[in-house]
Amino acid sequence: FKINTNQVSNKYELKRIIFKYLSIAEFETYRLTKKMNEVKSNRKKLPNLIREFYSLYTSGYYFLEPLSSWSIHLDYINWDNLDEFERKKWINKNITKIIKDINKILTYFEEGKIKFIDDYEVDTFMCKYIDNRAKNKKANK
């Protein structure tokens with residue numbers, strides 16, 4: 001069985017086939033947990049991962065709001081134009097707060113406050129989820 005993954009339609013077909021045999025909910029929890037842990041352990045990937053969380057937030061993962069706001073901050077300080085010293089300085093200043101936001105989201109997963117379900121949006125392949133957080137903790141939808 002061979003699929004050319006260079007074509008977008010084939011990528012969707014591959015995902016459709018995979019998700020017949022794999023829980024999309026478990027996979028999505030694993031995938032996001034891995035990315036959040038990567039931010040905690042690999043500072044060099046931090047800006048790209050933070051920007052990815054912003055993209056996921058704007059695509060419907062509203063529980064990622066705390067991490068998405070860091071992406072806006074990166075744009076505000078013009079991250080791409082900072083030299084290495086300024087980047088390290090910014091990371092050292094903010095990493096504790098970023099990790100706190102990550103740990104909060106990971107706790108939502110562990111406590112079942114954010115729970116992915118085995119269903120996804122057909123056009124985006126975004127996994128659907130149930131948000132069991134208190135109303136005052138939910139991001140605006």
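Two strands are said to pair if DSSP finds at least two bridges between them. By that criterion, strand β1, residues 114-120, is joined to strand β2 by four bridges, and the two run antiparallel. Good morning; I shall begin with these strands and then turn to the helices.

Please keep in mind that this is a predicted model, in which local features need pLDDT of at least 70 and side-chain atom pairs count only at pLDDT 80 or more, while totals for chains, interfaces and linings use all residues. Residues are numbered from 1 along each chain as its sequence is written, and side-chain values use heavy atoms, with hydrogens and water left out.

Let me place the strands in the chain. The protein chain has five helices and two strands, and from the N terminus the order is α-α-α-α-α-β-β. Helices (H or I, at least four residues) and strands (E, at least two) are DSSP runs, numbered from the N terminus.

In the strand pair, I114 has D131 of β2 as its bridge partner. Strand β2 covers residues 127-131; C127, Y129 and D131 form its covered face, whereas K128 and I130 form the uncovered one.

The loop between β1 and β2 contains D123. Is D123 buried or exposed? D123 is exposed, with a relative accessible area of 60%. Here buried means under 20% relative accessible area, exposed over 50%, and partly exposed in between, with a 1.4 Å probe and protein chains only. D123 also lies 9.1 Å from Y12, C-alpha to C-alpha, although 111 residues separate them in sequence.

I now turn to the helices. Two packed helices are described by the angle between their axes and the distance between the axes. The axes are lines fitted to C-alpha atoms, for helices over the stretch in contact, and angles run from 0 to 180 degrees between N-to-C directions. Angles under 35 degrees count as roughly parallel, over 145 as roughly antiparallel, 65 to 115 as roughly perpendicular, and the rest as oblique.

Helix α5, residues 84-110, packs with α4 at an angle of about 155°, the axes being 9 Å apart. The two are therefore roughly antiparallel. On the α4 side, P66, L67, W70, H73 and L74 meet a set of α5 residues that includes W90, N94 and I98. Contact means heavy atoms within 4.5 Å.

Helix α2, residues 24-41, also packs with α5: their axes come within 10 Å and cross at roughly 160°. This pair is therefore roughly antiparallel as well. Among the α2 residues making the contact are L32, M36 and V39, and among those of α5 are I98, I102 and F109.

What of α3, residues 46-58, and α4, residues 65-76? Their axes come within 8 Å and cross at roughly 120°, which makes α3 oblique to α4. The contact involves residues including I50, F53 and Y57 of α3, and W70 and L74 of α4.

The phi of N78 is near 60°, a positive value in a residue other than glycine. N78 is partly exposed, at a relative accessible area of 40%.

Finally, the chain as a whole. Of its 141 residues, 35% are buried. Among contacts with a separation of 6 or more, 54% come from residues 24 or more positions apart. Thank you for your attention.
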